[in-house]
Amino acid sequence: MHIMNDLSAESLRLSITQHLTYTLGKDKPHASTYDWRMAVSYAVRDLIIEPWFAATRKTYAEQGKRVYYLSMEFLIGRLLADAMVNLNILDTVQEVLDGEGISLAEVIEDEPDAALGNGGLGRLAACFLESMSTLACPAYGYGIRYEHGLFRQKFEGGRQVELPEDWLNQPHPWEFERPEARYTIPFKGHVETAEGASVWHPAETVYARAYDIPVVGWQAKWANTLRLWGAHSTELFDLERFNAGDYAAAAAPEELARTLSRVLYPEDTTESGKELRLKQEFFLTSAALQDILRRFLTEYDDLELLPQKVAIQMNDTHPALAGPELIRLLVDVHRVEWANAKQIAHGCLNYTNHTLLPEALETWSTWLMGRVLPRHMQIIEQIDHEHLKTTGTPPTLAIVKDDQVHMGTLAFVMASHVNGVSALHTQLMKQTVFADLNRLYPNRILNQTNGVTPRRWLRLSNPSLSRVLTDTIGASWENDLDRLADLGAHESDRAVRDAIGAAKRDNKVALSNWAADQLGISLDPDAMFDVQVKRMHEYKRQLLNVFETIARWDAIRANPNANWTPRVKIFGGKAAPGYVVAKEIIHLINDVANTINNDPVTGDLLKVVYPANYNVSMAQRLIPAADLSEQISIAGKEASGTGNMKFTMNGALTIGTLDGANVEIREHVGAENFFLFGMTAAEAQERSQMADHARTAILASQPLQDVLQMIVEGRFSPNDTGRYNGLVDLTWNHDPFLVASDFDSYLASQSAVDSAYSNTDHWNTLALRNIAGSGFFSSDRTIRSYMAEIWHTQSLA
Ligand code: 26Q
């Protein structure tokens, strides 16, 4: 439809200044960066409306099948710059703002991150939305419009402190409020059965109101909708109470209702048993399904056609009430026979699993479920009853067991397809958590290796490398990332290798300037930038990385004049507020940074930085500047990882274990271009059975003993020498994620990294091969594969 590169600067200037005047009501001399940002956002948004309408019209006209992606999290980050990239108008906007004496960079940076997610799962949903638009796949994302996204992190004395996030404190220019798209969401009460029909009499209700965000694809050929639900009271404001002077009571119902969409739960594993969380999950699910059925019934009247026209993807088990809720709406509201209703629901639903960690598999007590959702509890019991009657179902496979509803089993039983997110993860799903279900339903599980959108994660975040790529192989990589393989033919071209190295150096200089400005630390852009950014989790083993940092520091001090490769260790990530061990690891990293950065002996040979509040925007800054990507989880625990893919695309080399998608990254870039270390998943599994595995490993490793000794001696916490006794004790006596057992292997691999980096041209060759091999990890490839194998939908391009 519309490619915007012929948009004239003059018409854009007019639109921006008109919005400044008439939408913002600001006279230029008084306009702030915020005002300009809003005006630019509205002007850019205007350009998305036409492709957005056209996409909807086309979907209706062709009676296309729609995909509905249900997710409790959409970690979309900033929207303005991404939209400008996809409309191809960055340069034009730059030209207009230059003319007004306004800095585009400042305007872009003024936008708060929409942090409506914790980490990988939420960011994956955001990448998928962009790819579905790029591929003209008719789709809606359904989520919650949290008033407060993921908490802001700051450090006080090296400790994590959480502050509330407040992105909706200012108007959100990307959303369209839809007061007419409103559904009643019921809770609690009791169920009556009369003449074979069930009537649920809820004791509480709230409204779900729609807020739509257009998501534009590459070159604005298509735009889909991210529809977020906000909770509002179903009761009118109590004027009588207000007039009687009881102002708080008058406003209470709205306040209470709004708590449902007030805040994102900051746990990225199960924070179980919380009534509010269950209500949030149902709130999203019920609003989405009511909306899906309403839209379907405007086009068709036969509900049996639903599976032909609707594919619903459950992003983990968080929206797994979609099974019982769809059945309830079909049976209780639309009077469909039970068996048909269950068949229809099964035909529409699919489930993506993102974790094997047993503590992360969601369960709800039957007591809570029965109290909050009495009708759903009945439906779940009935689904379970029929599931257990299926020949061959062992009783251990019950959905309801020991007074707990197992959401993974429920999602699996209701879904047509269940997928893992990397080849290894899918294989382990079949062998472990879902082994019995896989026997019962042998073809239900399939793999869909994750991907990330190259528009945000390469084109937008790394303009210098993007230019090199386009100059070398043409621009087609932007929506056909497999074209990056064409770089391979240029491997022996010194100029291309140098250009890749120079682009990286540009990004490192930019990051160094930022670090000097924001953190007051000076970094040497010629040092190796070694980056580990992700949520803080024991299984991700940031601890292994700090231990290596300490060992390196100790080794440099012992021999400061040896031929060391200078390194900057960069950490980033948040810990769940209640995760004590993860918070101790953060504190340790900050203490170690403090000690090392002030050591004149090691100086520029080793620096450690841990900027607070890692988020999508910080990722866009750090990843393009990384030489080395740390993907060092204990094998068998990281379902996929997606940061690993972003680093590879941006020409960082990986030091990593055979975990998650690392396995496939290594295959695609070539084993000789990847720094592998550590046990395999099978070896790790076996090792963790061994009594004293940690003690045995520590006693065999002098460097590790020295590291642990330095920590307990209080070298990094001289005023509080016992501070890390707990962590050190955990390492000696439990070490659940085998940090000690993989330590020596990691150390050896790190020294291979040092040698490789010391030959710049060789390193640039390895970087080129990593970029060339990264095409597979575009979320366009992932979405094409979901469309073909799970959703059975067509592109309407
Ligand atoms: C559940 C119940 C109650 C409160 C919170 C939660 C909750 C919230 C978020 C549970 C899990 C999450 C997030 C999980 C997650 O991000 N998993 C990651 O998903 C990525 C995308 O597939 C993978 O690449 C990562 O390997 C996986 O860890």
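Student: Where is Asn-613 placed?
Tutor: Asn-613 sits in the loop between strand 21 (606-609) and helix 23 (616-622). Helices (H or I, at least four residues) and strands (E, at least two) are DSSP runs, numbered from the N terminus. Bear in mind that this is a predicted model, where local features need pLDDT of at least 70, side-chain atom pairs count only at pLDDT 80 or more, and totals for chains, interfaces and linings use all residues. Residues are numbered from 1 along each chain as its sequence is written, and side-chain values use heavy atoms, with hydrogens and water left out.

Student: Why is Asn-613 called buried?
Tutor: Set the value against the cut-offs: buried means under 20% relative accessible area, exposed over 50%, and partly exposed in between (1.4 Å probe, protein chains only). Asn-613 has a relative accessible area of 18%, so it counts as buried. Its backbone is worth a look too: Asn-613 has a positive phi of about 65° although it is not a glycine.

Student: What makes Ala-499 partly exposed?
Tutor: Its relative accessible area is 26%, so Ala-499 falls in the partly exposed class. Ala-499 belongs to helix 20 (residues 494-519). Ala-499 and Thr-472 are 27 residues apart in sequence and 9.7 Å apart in space, C-alpha to C-alpha.

Student: How do you know whether Arg-552 is buried or exposed?
Tutor: The relative accessible area of Arg-552 is 6%, so the label is buried. Arg-552 is part of helix 21 (residues 542-558).

Student: What does Arg-552 touch?
Tutor: Leaving out residues up to four places away in sequence, Arg-552 touches Thr-565, Arg-567, Leu-606, Gln-750 and Asp-754. A contact here means heavy atoms within 4.5 Å. Arg-552 and Arg-567 are 15 residues apart in sequence, with their C-alpha atoms 9.9 Å apart in space.

Student: And why does Gly-117 get its burial label?
Tutor: Relative accessibility is 1% for Gly-117, so it counts as buried. The loop between strand 3 (114-116) and helix 6 holds Gly-117. Not counting residues up to four places away in sequence, its contacts are Glu-73, Phe-74, Leu-75, Leu-150 and Leu-264.

Student: How many cavities are there of 30 Å³ or more?
Tutor: Nine cavities reach 30 Å³ or more. On a 1 Å grid over the protein atoms alone, a cavity is a set of points where a 1.4 Å probe fits but cannot get out; a pocket is an open set with protein on both sides within 12 Å along at least five of seven lines; lining residues have an atom within 4 Å of a point. Grid points are joined across faces, edges and corners, and a volume is the space filled by probe spheres set on the points.

Student: What lines the second largest cavity?
Tutor: That cavity holds about 240 Å³ of space. It is lined by 18 residues, with Leu-79, Asp-82, Val-215, Val-216 and Arg-456 nearest its centre. Helix 3 (80-87), helix 6 (120-134) and strand 10 (204-216) each supply at least two residues of this lining.

Student: How much space lies in the second largest pocket?
Tutor: About 430 Å³. Of its 21 lining residues, Thr-432, Gly-636, Lys-637, Ala-681 and Gln-685 are the closest to the centre. Helix 26 gives the largest share of the lining, five residues.

Student: How many helices and strands does the chain have?
Tutor: There are 32 helices and 24 strands.

Student: What makes the chain as compact as a globular protein of its length?
Tutor: The radius of gyration is taken over C-alpha atoms, and the globule rule is 2.2 Å times the number of residues to the power 0.38. The chain's radius of gyration is 27 Å, close to the 28 Å that the rule gives for 797 residues, so it is as compact as a globular protein of that length. Buried residues make up 61% of the 797 residues.
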